[in-house]
Amino acid sequence: MNRILIFAIACLLILPATAFGQTRARTTRSKATQKRPSSAQNSEVRNEGASRVAEQIKNLTRFVYLLGGVAKGIEQVDQAALRNEASPAAIDQNNRNKATVKSSLQNVREGLDQLEVYFRSTPELEQYYLKLAGSASGAATAEDQAAAGRFDQAGRTLLGVVNRLTDVLLAMR
């Protein structure tokens with residue numbers, strides 16, 4: 001027992017005295033790090049992101065379906081107008097249809113822009129942003145094609161956007 005006590009006292013004497021001589025308390029500043037969200041929060045955010053992607057897919061497929069019929073009608077009236085077989089009322093309606101399609105494509109592009117911004121600015125969804133990136137530019141391409149009167153090609157471009165969104169949705173599951 002004496003040996004243990006002597007050994008303990010010797011260890012205390014050997015410790016550097018400077019450790020006890022510190023006059024000012026040192027504190028380390030914590031870096032401004034974000035709290036890591038729990039897995040439940042991650043799951044909720046991922047589900048919200050997936051819901052937004054699914055909503056865009058629904059909107060785009062509905063739009064492409066309707067665009068098919070409208071594009072065919074626009075094309076027929078344009079051809080009839082070239083042959084001077086279309087009535088002025090039909091030409092006016094055709095121009096309104098073209099304007100509506102162009103406006104709708106602009107809305108589609110803006111919705112996809114917002115979706116990309118949401119994914120890019122949400123830390124839990126950043127990993128999926130790379131697959132999503134380019135969707136809005138695909139919609140912008142479709143918008144340009146429609147402005148040039150190539151409505152069928154615009155619809156095909158939007159199908160590519162739907163495919164990209166579907167890939168994102170599959171990666172999120």
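Which side chains meet in a salt bridge at 3.1 Å, N to O, if one of them is Glu85? Select Glu85 and Arg83: their side chains form this salt bridge. The term denotes a side-chain nitrogen of Lys or Arg within 4 Å of a carboxyl oxygen of Asp or Glu. Side chains of opposite charge can pair when their charged atoms come close. Glu85 is exposed, because its relative accessibility is 55%. Here, buried means under 20% relative accessible area, exposed over 50%, and partly exposed in between, with a 1.4 Å probe and protein chains only.

Before continuing, note that this is a predicted model, in which local features need pLDDT of at least 70, side-chain atom pairs count only at pLDDT 80 or more, and totals for chains, interfaces and linings use all residues. Residues are numbered from 1 along each chain as its sequence is written, and side-chain values use heavy atoms, with hydrogens and water left out.

Next, select Asn84. This residue lies in the loop between helix 2 (39-82) and helix 3; helices (H or I, at least four residues) and strands (E, at least two) are DSSP runs, numbered from the N terminus. Asn84 has a positive phi of about 60°, although it is not a glycine. Most residues other than glycine have a negative phi. Asn84 counts as exposed because its relative accessible area is 70%.

Move on to helix 6 (residues 151-172) and select Asp152 and Arg156, which lie 4 residues apart, about one turn of the helix. Their closest N and O atoms are 3.1 Å apart, in a salt bridge. Asp152 is partly exposed, at 45% relative accessible area.

In the whole structure, a search finds 6 salt bridges.

How many aromatic pairs does the structure hold? There is 1, where pairing requires ring centres of Phe, Tyr or Trp (its six-membered ring) within 6.5 Å, and planes under 30 degrees apart count as stacked, over 60 as edge-to-face and the rest as tilted. Select Tyr118 and Phe119: their ring centres are 6.1 Å apart and their planes stand at 75°, so the pair is edge-to-face. Tyr118 is buried at 17% relative accessibility, and Phe119 is buried at 0%.
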